[in-house]
Structures are given as structure tokens and as C-alpha cells.
Amino acid sequence: MAGPWSLPVQRNAAARALNTVLAVAIHVFLSGGPTPTQQTGDLRIVGSRAMTAAIGNWTALFHKKHPHVHVRQVLIGDGAAASALASRRADLAPLSRPLAPQERSLIGPAAQPVGIPVGATISRRGGGNWVYLYVASPGDGPARSLALDFVRTALSPAGQARMTGSFAPLPDGQRSASLSQLATLNRTAMPHP
């Protein structure tokens, strides 16, 4: 049977538990650890050497939002992307061109990545081609979420302003189309460029 003293004891226990949780959260925050809303983990990027500067710029922007995510980059050429996507050693693959049919055949039908245009090549003869960030498919979870957020960073106004070298930002119409493709990526199967 509960006496008149049981209610204050329960309140004190709840207050102690709350104080403990707050103390741990403050310690983690002050120690530089992630806050509950920050993601942690690894993001693996394998692909185009020509896009090294743009990937570096986007990584710097991405780290402002996700300082506790380790971004591993292996930018040795467009040809490395298909192999890395097929073997699931990449979450993202930057390419200065669309994946070729023979590269897609290496990956297989169940794991086809989705290419989202994030910039354009600058051509001396005018015109140009899109450059892509290919998001590994299928999959959900932290790596996929980080990959999509990295693409979102690349398509942001700040990300587009950091296109360098032989690459230019997307025209507004294509940027809107890429953002729309990114927004629906988790809900539907997307056509592959």
C-alpha cells in the first residue's frame, strides 16, 4: 500500500533520470560528439578523377551539416565507378558522362544505380553534357540517406556555385528537374540516363 511519501519519491526518481540524460547530452555535445540529430557513419564515393575539385567542394559543404560523417573518396576515373557500384564498394559515383550499357551490364538489373545530373561539361564548341552523381541502388538506411543528402548538397545554390574547372552549374530548369528526381528517388523507380 502506498503511503503519502511514494509520490515525491517517484518525482525525485524521474527528476534524477532526467538530470542524468541531460548531463550525458551536454557531455557529448561539449566533447564534440554528435548531437542526436546529427548523422554519423561512412559515405563512399568512387568515380571520376575530373570531378575531384567539385567533390572536394561539395564534401566541405556536406561536412558543415554532417561533421561526424567520414567521406571516403577514390576518384581515379569514370571507369572505376561501375565496378565499385557493382561490388557495392560505393554509395555514390561521380561520372562526367552517363554509364555505358556494358557498364550497366556489370552491375546487374537488381542493383541499377540512378544517375542525377549535378552539373554540365564546358565545351569549346558550345553545348555540353551533363555530369552525374550515381546513387547506388537498391537500399535504405544510413548510407543511402547520406548519399541522397550529398546529392542535395551538390544541387544546392552553394553547391552549384562551387562547380569548378571544366564543369558549370546546371541551368535552372535542369536543376529543378534534378531536385524533383532526387525528391522522388525513395518513392519510385527512376529511369536511368
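Predicted model: local features only at pLDDT ≥ 70, side-chain atom pairs only at ≥ 80, totals over all residues.
A residue counts as buried here when its relative accessible area is under 20%.

H5 covers residues 142-155, 14 residues in total. From its first C-alpha to its last it reaches 20 Å, close to the 20 Å expected at 1.5 Å a residue. Going along the helix, the buried positions are Arg144, then Leu146, Ala147, Leu148, Asp149, Phe150 and Val151, and finally Thr153, Ala154 and Leu155. That puts ten of the 14 residues of H5 in the buried class, so the helix is largely enclosed by the rest of the structure.

Part of the surroundings of H5 is helix H7, residues 172-184. Two packed helices are described by the angle between their axes and the distance between the axes. For H5 and H7, the angle is about 165 degrees and the axes lie 11 Å apart. With angles over 145 degrees counted as roughly antiparallel, the two helices therefore fall into that group. Their crossing is left-handed. On the H5 side, Leu148, Val151, Arg152 and Leu155 make the contact, and they meet Arg175, Ser178, Leu179 and Leu182 of H7. Sorted by class, this contact has five nonpolar residues, two charged ones and one polar one.

Then there is helix H2, residues 52-65, which also has 14 residues. H2 reaches 20 Å between its end C-alphas, again close to the 20 Å expected at 1.5 Å a residue. Its buried residues are Ala54, Ile55, Trp58, Thr59, Leu61 and Phe62.

Conventions. Residues numbered from 1 in each chain as written. Heavy atoms only, no water. Helix = DSSP H or I, 4+ residues; strand = E, 2+ residues; numbered from the N terminus. Expected span 1.5 Å × (residues − 1). Buried < 20%, exposed > 50% of the residue type's maximum accessible area, 1.4 Å probe, protein only. Axes fitted to C-alpha atoms, helices over the stretch in contact; angles between N-to-C directions. Parallel < 35°, antiparallel > 145°, perpendicular 65-115°, else oblique. Left-handed = near helix turned anticlockwise from the far one by under 90°. Contact = heavy atoms within 4.5 Å. Nonpolar A, V, L, I, M, F, W, Y, C, P; charged D, E, K, R; others polar.
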